[in-house]
Structure formats: C-alpha cells, structure tokens
Amino acid sequence: MLHQIPLEKTKLTDEFWSFYIKTIKQNTIPYQYGVLNNSPHVTIENENKKDFFENQKSNALENFRVAAGISSGGHYGMIFQDSDVYKWLEAVAYSLHINPDKELQSVADSVVQLIAAAQTGDGYIDTYFQVKEPRLKYRMLYSGHELYCMGHLLEAAAAYYEATANTAALQIAEKVIDHIDSVFGCDDDKIQGSDGHPEIELGLLKIYETTKNPKALRLAEFFLDIRGKNTEFYAEEMAKNEKDGLPIKMIKVPDLKSYLVAHTQPKNMTEAVGHAVRMLYLAAAMARIVHHNSDREMLDACRAIWDNVANKKLYITGGVGSTTDGEAFTGDYDLPNDIMYCETCASIALAFFAYDMFMIEPKAEYMDVIERALYNGILSGASLDGIHFFYVNPLEVNGRINDENPDHGHVKRIRPQWYSCACCPPNFARAIGSVQRYIYTADSENKAVYINLFADSSVDCDGIKLVQHTSFPYSNRIKLVADSAGECTIKIRIPYWSRNFKISAYGKSIPYKAENGYAVLCGKWNNTVMDITFETPVMAVKASSSVIADANRIAVQRGPFVYCAEQLDNPQPLSRYRISAEDINTASVSLENCVLGKIPFIDIKAKTEHINSTDLYSFDAEAVYKNHNLRMLPYYAWANRGDSDMMVWLHQK
Ligand code: FUB
Ligand code: ZN
C-alpha cells in the first residue's frame, strides 16, 4: 500500500512552486484572515451577476463569536460560512508544517479556541443553525451543509494536529464525531441519511488516519452506504418541513437527486453527474475508503466515475463542470469554452479524487490529471499576488459578450477580492499550500518511492533519500541524487507531454522498465547521480471529434502548461486568428521576466481572417487574410495584467 509522505519530509526548493508557498504564507493567509475578520478594505462580489446574496462582509469569525456568546448580533453570510474558517485553518496548518511560525501559530491557536468556545456541550457546531435557525438543525440535510462544515472542521483538525502536535483542534473533532455518532446511524432512532454536500466522509477518514478512532471509519462507511439508498430521502425531508410549517430553504436545481449526487448509492455509480464539487468530494472519499477497506464494488464505482470524468468530461485545463445551472456536470463531451463552470473548487476536488485513486493503484494517468489541474485550472483560481480569486475559470472570454449576455453572468475577467460564496479562495490556499504532497509518494512494503512531479526538492523517507536538482519547468533536465540504506526501487513518472525521455548516469544511458507510466529503477543507491532529460516541444492539441465546442479548433501545450492568448498581447480580435499544427510545431519559446514573473511566452506565425463586409450576412464578401504573430502565455497567468479577452482553443487554419 502506498502512503503519503509527511509534508515536512519533502523539502521544496523549486522556484515555481516555492513562489506560491511563499505567497500563500506572506499574502494569502494574512489577507484571508483579514477578510474573515471583516476587513473594511475588501470588495465582495457575488459569483453570478444574477445573485443577490449578502455581500457586505464575510463575518465568518464573528459568527463564531456570536455562537460562543462573546459577541452579540446575528449570523451573516452563507449557510456554510463556517467552512471558510476551517479551510483557512487547514491552509495555515500546511504552512506551519512546512515553515513553523510562532506568530501565525498563535493566531491560529486563537481561532481554534474560538471554535471550541462556539461548540456546544453535545459536540454540535454550526454557527448558522446555532445562531439563526436552531429549529432547523439536521432538518434540512439537502441544503443545510452542517455535516459539510463539520467535515471541513475535521480535515482542518487532522492537519493542524499533524503540523503542530497541538491537540486542541483534535479534541473538538473528537467531540464532533461522538456527537455525529449519537445522531446518525442505522438504528431506528437515528437519522438514516447524509449531508446533501459530501465532505464529512473525507473529514472522518482523515481523522481516522490521524487517530485510528474506529468510530470515524465506521461513520464514513455509514455515510457512503446510506447516500442514495432511499432516493426520496431529501424530498421527504422537504415535505416534512413543509408539513410542519418550516421553511424549505432550497435553491431551484435541475434535478434534486443528481444535483445532490444521491440518485443511487455510491457503490452503484457509473458516471459523474450533478454538482461537480459534491460529486468529486464524494468520489475522493469513495476512493479513500477503499484504501482502508478494500471494498471491491466501491473500487469499481470509483474506476467508472474516473473513466467518465477523465475521458469525457474534463477540460484541457483540468476544469470540470460544464454548466452554471447547478454548478454541474452535463453530458459526455459537452465542454463549452465560454459558458462553462470550471469552479476552482471542482478542479481541487478532482485533484483530491485523482490522488486517492493513485494511492490505490499508482498509475501515471492519475498524476497526469493532478498535474493538469495543478499547473492550469487550480492555479488560475488565484492571481499572482495571492489575494484575488476566480470562482469559475473560463477557457474563452470576450468582454462585450460577457457584459451584455446574462448567460455569461458568472464569467469574470478580473479576479475579485472575495465572494459572498467564498468556497474557492481558502480552498485554493489549502490545495496549493500543500502542493508538495504530490511530488513524491512512498510504498514502504515494497521499499519504493515514486517521483510524480519534477521540482527542485528532496525527500527523506523509509531509508531512501532523493534529491532533484532542477530548474524545471524552465529547463528539461533533472539531476537526481539517490541514496538508500539497501535495495530499493525508484519509480519516475514519464510525462505524457515529454519526448525523448532518458535516464543516464555518468554518461551512460540507464535502461528501465516502463510500468504504469513510470520508469522503474531497482538497485542499491549510494549517492548515485542520475540525469533525467526530456524534450518539451510546443505541441498542438486536438480534442476528440465528439467535443463539438472544439471542432476545428486547436490548443497549445508545452510541458504541463496549457497556453492561452490574451488580447493584451495581440492586436487583432482573438476570434480572427487562424493557426495550424505546423505553425505550432515551428513556434518559438522565449523565457521573459515580466510583470507576471518568469514566463515562457510562445510566439506562433498565424494568419488573421477578416470578412470584408459590413453586412451581417453576405453572399459574396471576400475573406482577407493577413500574416500575424500570435503570442500565447501559460493559462495560469492570464488575467493578471488587467481586463482582456482570452482564448485557449484557437480557430484552425
Ligand atoms: O455548497 C458549498 C460550496 O459552495 C460548493 O462546494 C460550491 O460549489 C459552492 O456552491
Ligand atoms: Zn468553490
């Protein structure tokens, strides 16, 4: 069985990712703490122009003070506002794990104390229901998010304990688990249902992995089994509230059962449906539990969902979720570029799911998707300053259409400072803030270490020491130094985007066996120095003919980076550019230091097409073609220089 290497055992010295780890510590974490504490200098936007949510302030920490009786007042914000605090705390935990910091720890400790103060004697904690709607506690699992919030609390507690050895958060978590156990379960006097938004399952599993509390595993198994067993569960809850004269409080969704991913039991699921984050947090928990109970049916369901997402519902950027209606998956190959959803949280959830699949069956295909999401669709979720955030990540924007067509109301071109529904910003901080977890994985039973991502870094685990000296992604060479106490295996991922991948030592090529996308090297390593080299040509990407939105379009990728064109770099409207695979193959790459940091720009000899007519439609208008250079930059860096149109899939010549 594979196991995760504790964060502190991987030292990340890499230029590309260290920039983010540092930015998250120096900018994102303090900034987000300010926002959660109602910093007056923040403008909060709704996710969609059509929404009218409360957005004067976050109030997330104040909600806890009110619940604890320290402040007076009401609850403000979304029903799941508590989860913003928990995700922030988890991000802090990872940061402390990597870079201990007394000052930050004392701020975080005070937040943990505040959460403890808000928790009721029976272990319940949810400031919305404590302060605003006590009569609806656990009566609206379809939209109440109580267990969703508690799940995030459990994840934060596990991370916080691992980082600081401080048990205060873990104690809160243990009380939560006892409380949940007293309320939910198969007994007739307990609630036989789960939260409309999966997340508690992941939280319970992380606590189980930290404390080995069997109750946590049992409850996770219960929630993963009960979901979708009675497909009318949520409709019955609503009917009961209505009958009892209580408010329903549920948004309109296309189909309740699939939106809540409760259309069938998880073990019977065969594809990704419904709300994308719900679906993928659930899938991640399904895969994670297989790690503990080897449930065959569940594994088959995970594989089916994976296959469906990875091969039919995944954007080239690692985005998922094709519609704003229910923030959801749609049908196979429906991947519109400009009205898509691609919520940052959904790409993060996908990376979690892929990681949990990798831990069961270590195949490169999972790491390929993690890498696709990390370097593209997740990173685009924040600006380079770490304090502005995208909720949805478009693959194409046109300013005028965006402003004038209400169907594009959710698509922004400038990252806001915060959102009324602020799930994505702290999720970004916790996901990217722990990016080093993906670089190496250990398989202690087989004395093996996997090198999944290339980054200047080192790892020391189970008697194996590996050091990667590299300036990847700015170069294609890794000097790998390996040292081990005895025989062991090193497995090096062969990236699908690389060409001419070679491993050599002291000038001689090392033959390797390729297994599941990894180069496998067995031996005894005595400060052995190896060279890993490969080429990263600029590549033209075509989508399957089934993807109607990308018909006659072409995308550009180099290494892990998917590229896009911004209007700012190009004089003609982007829709007029025409490129071919041959143009892409002869493109030039120039590494420039600019306001975006170090950027490998790509210049392509393109043509522009202009229809020489002022008529809306004409029979004999002439198409005028001109030679133009098309400049492209990595997708993650877009929207950092002001308002600009942008396109990932360009029109083909
Ligand atoms: O419902 C909680 C979070 O808010 C979801 O995960 C996001 O999609 C957003 O709707
Ligand atoms: Zn989100």
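Here is a short tour of the two ligand sites in this structure, which is a predicted model.

Let's start with ligand 1. The space it takes up is the largest pocket. Around ligand 1 you'll find Phe80, His145, Tyr148, His197, His275, Val277, Glu327, Glu343, Tyr391, Cys421 and Cys423. Sorted by class, that shell comes out as six nonpolar, three polar and two charged residues.

Some of these neighbours bring a polar side-chain atom up to an oxygen atom of ligand 1, and the table lists the distances.

| Residue | Distance from a polar side-chain atom to an oxygen atom of ligand 1 |
|---|---|
| His275 | 2.9 Å |
| Tyr391 | 3.4 Å |

How much of ligand 1 does the protein cover? On its own, ligand 1 has 280 Å² of accessible area, and the protein covers 95% of that.

Now for ligand 2, a zinc ion. Its coordinating atoms come from Glu343 (OE), Cys345 (SG), Cys423 (SG) and Cys424 (SG), at 2.0 to 2.3 Å. Along the chain, these donors follow the spacing E-x1-C-x77-C-C.

Why is the arrangement around the zinc ion called tetrahedral? The four donor atoms subtend angles of 95 to 119 degrees, and four donors count as tetrahedral if all angles lie between 85 and 135 degrees.

How values were computed:
Residues are numbered from 1 along each chain as its sequence is written. Chains are lettered from A and ligands numbered from 1 in the order in which they are written. This is a predicted model: local features need pLDDT of at least 70, side-chain atom pairs count only at pLDDT 80 or more; totals for chains, interfaces and linings use all residues. Side-chain values use heavy atoms; hydrogens and water are left out. A residue is near a molecule or strand if one of its heavy atoms lies within 4 Å of it. A polar contact is a pair of N or O atoms within 3.5 Å; within protein, one must be able to donate a hydrogen and the other to accept it, and residues adjacent in sequence count only if both atoms are side-chain atoms. Accessible areas come from the Shrake-Rupley method with a 1.4 Å probe; for residues, only the protein chains shown count as cover. On a 1 Å grid over the protein atoms alone, a cavity is a set of points where a 1.4 Å probe fits but cannot get out, and a pocket is an open set with protein on both sides within 12 Å along at least five of seven lines; lining residues have an atom within 4 Å of a point. A molecule sits in a cavity or pocket if more than half of its atoms lie within 2 Å of its grid points. Ala, Val, Leu, Ile, Met, Phe, Trp, Tyr, Cys and Pro count as nonpolar, Asp, Glu, Lys and Arg as charged, and the others, Gly among them, as polar. Donors are N, O and S atoms within 2.8 Å of the metal (3.2 Å for Na, K and Ca); water is not among the atoms, so sites may look incomplete. Four donors count as tetrahedral if all angles lie between 85 and 135 degrees; four count as square planar and six as octahedral if opposite donors are over 155 degrees apart and all others between 65 and 115; anything else is irregular.
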